[in-house]
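Hi everyone, thanks for coming. Let me put the sequence and the model up on the screen, and then I'll walk you through some pockets and contacts.

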Amino acid sequence: MLPPASALGYVRALQNGDAPAHLVAVVTRELMEPFDRVRTVETVRAASPGVGPDGLTLPDAPVHLEAARHPPDRIGDMTRELREIFEQAGCEGALCVRPVQGDGEIVLNADRPAVQASVFKVQIALEVETAFADGRLDGRERVTLGAAERTDGPVGMSLFEDETVLSLRDLVVLMLTISDNPATDVLLGRVGVDAVNATAARLGLSGTLVTSDLRTMLDTIGEDLGRADWADLQSWAAGASAADQVWVDEQLPTVRAMDPSRGTRTTPRDMVALLRLIWTDRAGPAAACARVRGAMARQLTRHRIGSGFRPPVRVAAKSGSLFGVVRNEVGVVSFPDGRQYAAAVFTRSRPGSDDAEISRAIGAATARAVTALREVGS
């Protein structure tokens, strides 16, 4: 069997010559199909400019093997399998899985914009931890939060009745481990939305944008549903009729916060790129990256990506959910052999869909993608 770079060289030589198209197709299949077990994308760079390992001339630019290595039926099989996992759970899904180091990827709608929900808290944590590391903020500084100052949410300080005092660095832990909304807004207020977006741009996350803090986002939902703000919507909902509740469920997917063209957004590919940078200490100071990794490893939620794996495999992740419509998770799966895989899965469903089934689908799709990559040595 020819090594991939050699086979690629022969295929490209045929494609650039006068061979009939049907012969090119036959030779491409015979030379490259033995390597095709999953949809991976590998970049081949010459050992010296323009020269392959066996002396064959290769193009100057990196060559992506996807077209030659992955006939449409094989690509289609993987795409269909992943799509079916999500469809059977009652949702639409988008996914990107890549090794933390090395080449290869499994993708489904990986460049489609998606609502981040609480996944954006990874970006905030990175920005804040970077500010700790470079001295712009003191992680030990204590912050006092009264009940009126705390952003609404389903867990953590949102449920407290009394004044709360915590350090900035402990707020990061709350934000990543239990997805605490008040902690998130305090931290985002300290570094600013512009700084978070500037870091995303610096890291090449072109499809990622944070538009506001969580309190502002919630208020826009109230406004889009005809109320003054989020608090007014909550007061109205307490006495709303069944018909009114049905109307809210129908309108909710159309509000700004649920629209990836108008609200805080990203793509699966961007989030995988961010995770790879954090896990290799290239997203910011090494100390900042390590702190983000450590907090993600302690996330309380384990029923999404984590549901697809068992010990001794470890999962460090950050989930995100929004009103029974959006369910996401991004994370890194680490195996005892040292190989690690960055995964980003974003789903969307109708209100009232089965949360447990969709969460299991996130784990199942991630596990299938990781297994496929491991089968080819990625």
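I'll start with a term: a salt bridge here is a side-chain nitrogen of Lys or Arg within 4 Å of a carboxyl oxygen of Asp or Glu. Quick housekeeping too: this is a predicted model, so local features need pLDDT of at least 70 and side-chain atom pairs count only at pLDDT 80 or more, while totals for chains, interfaces and linings use all residues. Residues are numbered from 1 along each chain as its sequence is written, and side-chain values use heavy atoms, with hydrogens and water left out.

Okay, salt bridges. By that rule we count 18 of them. Take arginine 227, which pairs with aspartate 232, with the closest N and O atoms 3.4 Å apart. Arginine 227 is partly exposed, at 29% relative accessible area, and aspartate 232 is partly exposed too, at 26%. For those words, buried means under 20% relative accessible area, exposed means over 50%, and partly exposed is in between, using a 1.4 Å probe and protein chains only.

Next, aspartate 138 and arginine 140 meet in a salt bridge at 3.4 Å, N to O. Here aspartate 138 is partly exposed at 37%, but arginine 140 counts as exposed at 57%.

Then there's aspartate 281 with arginine 293, whose closest N and O atoms are 2.8 Å apart. Aspartate 281 sits in the loop between α12 (268–279) and α13 (286–297), and arginine 293 is in helix α13, so this pair ties together parts 12 residues apart in sequence. Helices, by the way, are DSSP runs of H or I with at least four residues, strands are runs of E with at least two, and both are numbered from the N terminus. There's also a network: salt bridges with shared partners join Glu105, Asp111 and Arg269.

On to the rings. How many aromatic pairs does the structure hold? Three. Rings of Phe, Tyr and Trp (its six-membered ring) pair if their centres lie within 6.5 Å; planes under 30 degrees apart are stacked, over 60 edge-to-face, and the rest tilted.

Tryptophan 230 and phenylalanine 323 make a tilted pair, 5.8 Å centre to centre with 45° between the planes. Tryptophan 230 is in helix α10 (residues 230–238) and phenylalanine 323 is in the loop between β9 and β10, so the pair links parts that are 93 residues apart in sequence. Buried or partly exposed? Tryptophan 230 is buried at 13%, while phenylalanine 323 is partly exposed at 33%.

Phenylalanine 335 and tyrosine 341 are edge-to-face, with 5.8 Å between centres and 90° between planes. Phenylalanine 335 is buried at 14%, and tyrosine 341 is buried at 0%. Along with Phe309, they form one aromatic cluster.

Last up, pockets. On a 1 Å grid over the protein atoms alone, a pocket is an open set of points where a 1.4 Å probe fits, with protein on both sides within 12 Å along at least five of seven lines, and lining residues have an atom within 4 Å of a point. Points are joined across faces, edges and corners, and the volume is the space filled by probe spheres set on them.

The largest pocket holds about 860 Å³. It has 44 lining residues, and the closest to its centre are Ser118, Pro154, Asn181, Ser321 and Leu322. The second largest pocket comes in at about 170 Å³, and β11 gives the most to its lining, with three residues.
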